[in-house]
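I'll jot down each thing as I look it up.

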Amino acid sequence: MNQGELPLHASSFGAAAAAYAEHRPDYARTAVRWALEPSPGPRVLDLGAGTGKLTATLVELGADVVAVEPDPAMLSELRGALPDVRALAGSAEAIPLPDASVDAVLAGNAMHWFDMAVAGPEIARVLAPGGVLAGLWNLMDDQVEWVAGLARVSGSAAIGPRDTPASWRAETAAMHLPKTGAAARFGSPEQADFPHGQRRGADSLVETLATRAGMLVMPEQEQQAALARIRAFLASTPGTARGEFTLPMRTGVLRVRRL
């Protein structure tokens, strides 16, 4: 995806907010704990919070959470699901919080949408000294044979290089850095990934893949053809053809400290 396509893809989720809330997975708790491990305190900003998938896990883990999301439809889903969480309209490039007001900033499947030349200074501004920035990505475990087959059939619009363990480390290793050559605001990256899974049926897995940005921006005829290929693959694969199954996943984490 080139830089010119980023705004179109990033703004595509609002139309599918309800489906996103219903079908997207949460995050492995071990991954979230690891992301927060160096945090100097309990105040956490979920940035680009979407419908609150990561927010809910942070609440369960006892963090003092504030969520920030730019899309009104996604934010409405989050507020409906988590009415007790402070949820604000805003973006990574314009965070509606005071200086040094959080100890950690986490982004679930969102950091790749940030313009780090602008967002980097903003995130550093709201972080307390020694604060943590972490991006989390749910990955489909293509070391499992049928998942690798699904990735081939689905195409990169549904399961791209950032979505599988084989390539996510390289794809995200510099995600915290500005692409303009501006000064970095964060230290050396650490990466780790953790086992995860999600109970799915064939229909719900198709619906999940339909919420990927690359799929949402496809012309309708092309999108329907891709979804039909995915349905046919799942119907012909032992273990996914009937009933529920566990989708093998991993949650990958990129973690850096504020300089």
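Predicted model: local features only at pLDDT ≥ 70, side-chain atom pairs only at ≥ 80, totals over all residues.

**Entry 1: a histidine to begin with.** I started at His112, whose side chain makes a polar contact of 3.2 Å with the side chain of Arg162. Where does His112 sit? I found His112 in the loop between β4 and α6.

Entry 2: I then traced the strands. Seven of them make an open sheet, and I wrote down the order as β3-β2-β1-β4-β5-β7-β6, with mixed pairing. Which strands are at the edges? They are β3 (86–89) and β6, each of which pairs on one side only. I noted an average twist of 25° from one strand to the next.

**Entry 3: around β7.** I looked at β7 from both sides. With β5, it pairs in the antiparallel sense over nine bridges. I picked out two of the residue pairs: Trp137 has Gly252 in β7 as its bridge partner, and Val132 has Arg257 in β7. On the β6 side, I noted that β6 (residues 190–200) and β7 also run antiparallel, joined by eleven bridges. There I found Glu190 opposite Arg255 of β7. How many residues of β7 are buried? Ten of the 13 are, so I put β7 down as largely enclosed by the rest of the structure.

**Entry 4: helices on the strands.** α6 lies across β1, β4 and β5, and I wrote down an angle of about 130° to β5. Helix α7 (residues 145–154) lies across β5 and β7, running at about 80° to β7.

**Entry 5: the nonpolar cores.** I wanted to know which residues have the most contacts inside the largest nonpolar core. The elements giving two or more residues to it are β1 (43–47), β2 (64–69), β4 (102–108), α6 (116–126), β5 (127–140) and β7 (245–257). Of these, α6 gives the most, with five residues. Apart from this core I found another, of 21 residues, including Met140, Val147, Phe233 and Leu247.

I went back to Val105 to see its surroundings. Leaving out neighbours within four places in sequence, I listed Leu45, Leu47, Ile123, Val126, Leu127, Val132, Leu133 and Ala134 as its contacts.

**Entry 6: the record.** I looked up the UniProt annotation, from an unreviewed entry, and found "domain: Methyltransferase type" over residues 45–134. In the model, that stretch is 32% helix and 31% strand, and its end C-alpha atoms are 10 Å apart.

**Entry 7: a methionine to finish.** My last stop was Met218, in the loop between α10 (213–216) and α11 (220–236). Its relative accessibility is 18%, so Met218 counts as buried too. What is Met218 in contact with, leaving aside neighbours within four places in sequence? I got Ala157 and Gln223. I also checked Met218 against Ala35, 183 residues away along the chain, and their C-alpha atoms are separated by 33 Å.

Methods:
Residues numbered from 1 in each chain as written. Heavy atoms only, no water. Core = buried A, V, L, I, M, F, W, Y, C linked by side-chain atoms within 4.5 Å. Buried < 20%, exposed > 50% of the residue type's maximum accessible area, 1.4 Å probe, protein only. Helix = DSSP H or I, 4+ residues; strand = E, 2+ residues; numbered from the N terminus. Contact = heavy atoms within 4.5 Å. Pairing = 2+ DSSP bridges. Axes fitted to C-alpha atoms, helices over the stretch in contact; angles between N-to-C directions. UniProt positions renumbered as here; feature names shortened; annotations may be inferred. Polar contact = N/O pair within 3.5 Å; in protein donor to acceptor, adjacent residues only side chain to side chain.
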